[in-house]
Amino acid sequence: MSAAGLAEARRRMARHGESEGAVLAFERSYAELEQVLESGSGGTIPESTIDPLTDVPSLEDHAPSDETLSAALRQVAMVKLNGGLGTSMGITGPKSALVVKDGLSFLDVIARQTLALRKQYGVDLPLILMNSFRTRDESLAILGRYPDLDLDGLPLDFLQSTEPKLRVDDLSPVDWPADPELEWCPPGHGDVYLSLSTTGLLKALLDKGFRYVFLSNADNLGATCDPRIAGWLVENDVPYVAEVCDRTVNDRKGGHLAVRKSDGQLVLRDSAMVEQQDEDAFQDIARHTTFHANNLWVDLRVLDRLLSDSEARGEAGIGLPILVNRKTVDPSDSASTDVIQIETAMGGAVGRIEGARAIHVPRTRFRPVKTTNELLLVRSDIFELDDQSAIVSLITHPDPYVDLDKPYKLVPGFEERFPKGAPSLREATSLRVEGDVTFGADVVCIGDVTVRASGRATIEDGRRLTGVTSLDRAG
């Protein structure tokens with residue numbers, strides 16, 4: 001491949017102000033990328049090498065006293081992964097700035113959840129964002145609405161590393177004069193471990209007596225800093241725990257944990273790590289019964305030792321497996337230069353930490369908003385924010401299935417077609433919209449609802465929808 005490409009990448013990263021640790025970590029990932037491309041494979045976990053994860057302890061079986069919960073929560077800091085722009089949903093700024101419920105953004109909800117936990121348990125729970133260079137300013141402006149979030153000696157955020165996007169043809173850093181910022185990308189959320197260290201935040205947290213860090217995505221409204229999990233960690237002296245939820249047919253393509261046969265170590269297998277002949281086994285929800293919720297709790301002392309050992313070997317990071325992400329340099333322009341972004345996933349650390357465990361949690365802890373279908377669900381009357389700003393469901397049956405047509409796929413188009421808010425979905429089992437329809441106020445969906453329109457159409461205020469509704473241009 002390209003020794004010259006790696007040398008140029010190193011020069012650009014140094015000129016960009018990246019830490020030496022970030023450069024060394026990129027160098028290791030680059031070498032692994034070369035091996036993967038040369039062999040035409042790599043990074044897979046064959047089904048024959050793993051056993052399904054079974055006998056997972058349940059959070060529902062753990063009910064310590066409030067005093068125990070408070071003592072445990074005092075040892076926890078919370079980091080929200082906040083580097084995403086939500087470009088797949090048509091968002092130009094931080095995805096976490098999107099209004100998601102009751103006029104509040106993800107970050108507003110997270111801030112309120114944090115302050116509620118502090119008040120309830122009498123603790124100074126830190127809220128810290130891992131931002132990218134594209135999300136920092138707007139995100140901190142939102143948190144600035146909550147001055148009580150500030151804790152002496154700790155920042156509200158730190159920046160993850162950046163690395164060059166690489167040309168597919170020769171693995172050299174791409175040039176894109178039309179927008180030089182697009183030449184750079186974050187190295188995936190696995191960078192959180194190294195960036196905690198290189199920014200000095202890991203040491204600051206340890207010096208202040210924090211033992212654990214809770215890591216989760218900013219767009220997962222269910223991922224509150226649950227003190228019951230903190231109590232379980234402390235009680236069982238666990239160095240790392242990954243939250244897992246029951247797998248359904250809708251989750252069959254999501255990553256799951258498994259047990260490596262050779263040594264009994266937990267490993268994370270994402271869809272990109274599955275060999276072709278193992279696809280059926282990977283998607284078999286009776287075999288692999290849980291999925292990885294990407295909510296993690298990590299012992300900061302263990303992380304510090306791993307990073308120190310790596311540094312002593314002249315390396316950086318904790319050796320997470322790479323993910324090869326193929327894109328165009330401008331994600332909005334399919335004709336722009338083909339590039340590779342080398343990424344790592346923070347969940348890959350489960351295979352690097354001896355004694356890592358999983359804990360079974362209720363589905364309520366997994367409430368991501370990745371599409372406008374999910375955004376409509378969360379904004380609907382199915383959910384509300386309780387007095388702790390936790391998102392709670394008001395129905396006892398499964399969430400309705402939502403499938404919105406192409407005009408709704410990006411947030412601007414979605415907002416235009418729901419100008420008076422989401423329809424009522426409490427009595428719905430499904431909502432399918434085929435065509436381009438604008439919904440009026442107080443629309444109610446009952447049972448299985450399909451709305452079809454051959455042209456631009458409108459549903460008038462207060463309409464009750466059941467079965468199939470066909471609209472002309474006038475609605």
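I began with the pairing of β15 and β16 (residues 338–344), and found that seven bridges join these two strands, which run antiparallel; strands here are DSSP runs of E with at least two residues, helices are runs of H or I with at least four, both numbered from the N terminus, and two strands count as paired if DSSP finds at least two bridges between them. Within this pair I noted that Ile322 stands opposite Thr344 in β16.

Before going further I wrote down that this is a predicted model, in which local features need pLDDT of at least 70 and side-chain atom pairs count only at pLDDT 80 or more, while totals for chains, interfaces and linings use all residues. I also kept in mind that residues are numbered from 1 along each chain as its sequence is written, and that side-chain values use heavy atoms, with hydrogens and water left out.

I then looked up the sheet around β15 and β16, which is an open one of three strands in the order β8-β16-β15 with antiparallel pairing. Its edges are β8 (166–167) and β15 (322–328), each of which has a single partner strand, so one side of each is left without a neighbour in the sheet. Across β8, β15 and β16 lies helix α2 (residues 20–39), which runs at about 80° to β15; angles run from 0 to 180 degrees between N-to-C directions, and axes are lines fitted to C-alpha atoms, for helices over the stretch in contact.

From α2 I followed the packing to helix α1 (residues 3–15), whose axis is 10 Å from that of α2 at an angle of about 160°. The two helices are therefore roughly antiparallel to each other, the cut-offs being under 35 degrees for roughly parallel, over 145 for roughly antiparallel, 65 to 115 for roughly perpendicular, and oblique for the rest. For the contact (heavy atoms within 4.5 Å), I listed Gly5, Leu6, Ala9, Arg10 and Met13 of α1, which meet Glu20, Ala22, Val23, Leu24, Phe26, Glu27 and Tyr30 of α2.

Next I turned to the open sheet of seven strands, where the order is β6-β5-β2-β10-β14-β11-β17 and the pairing is mixed. I found β6 (157–159) and β17 (357–360) at its edges, each pairing on one side only, and the twist from one strand to the next averages 30°. Inside this sheet, β2 (residues 76–82) and β10 (residues 212–217) run parallel and are joined by six bridges, with Val79 standing opposite Leu215 in β10. Helix α5 (residues 136–143) lies across β2, β5 (127–131) and β6, and runs at about 165° to β5.

I also checked β12 (residues 256–260), which pairs with β1 (residues 50–52) in the antiparallel sense over three bridges, Asp51 standing opposite Val259. β12 pairs in the antiparallel sense with β13 (residues 266–269) as well, over four bridges, and there His256 stands opposite Arg269. β12 and β13 form a hairpin with five residues between them, and Gly264 in the turn has a positive phi of about 75°.

Last, I looked up Ser195, which is found in helix α6 (residues 192–198). Ser195 is buried, with a relative accessible area of 1%; buried means under 20%, exposed over 50%, and partly exposed in between, for a 1.4 Å probe and protein chains only. Leaving aside neighbours within four places in sequence, I found Ser195 in contact with Phe158, Leu159, Gln160 and Ser161.
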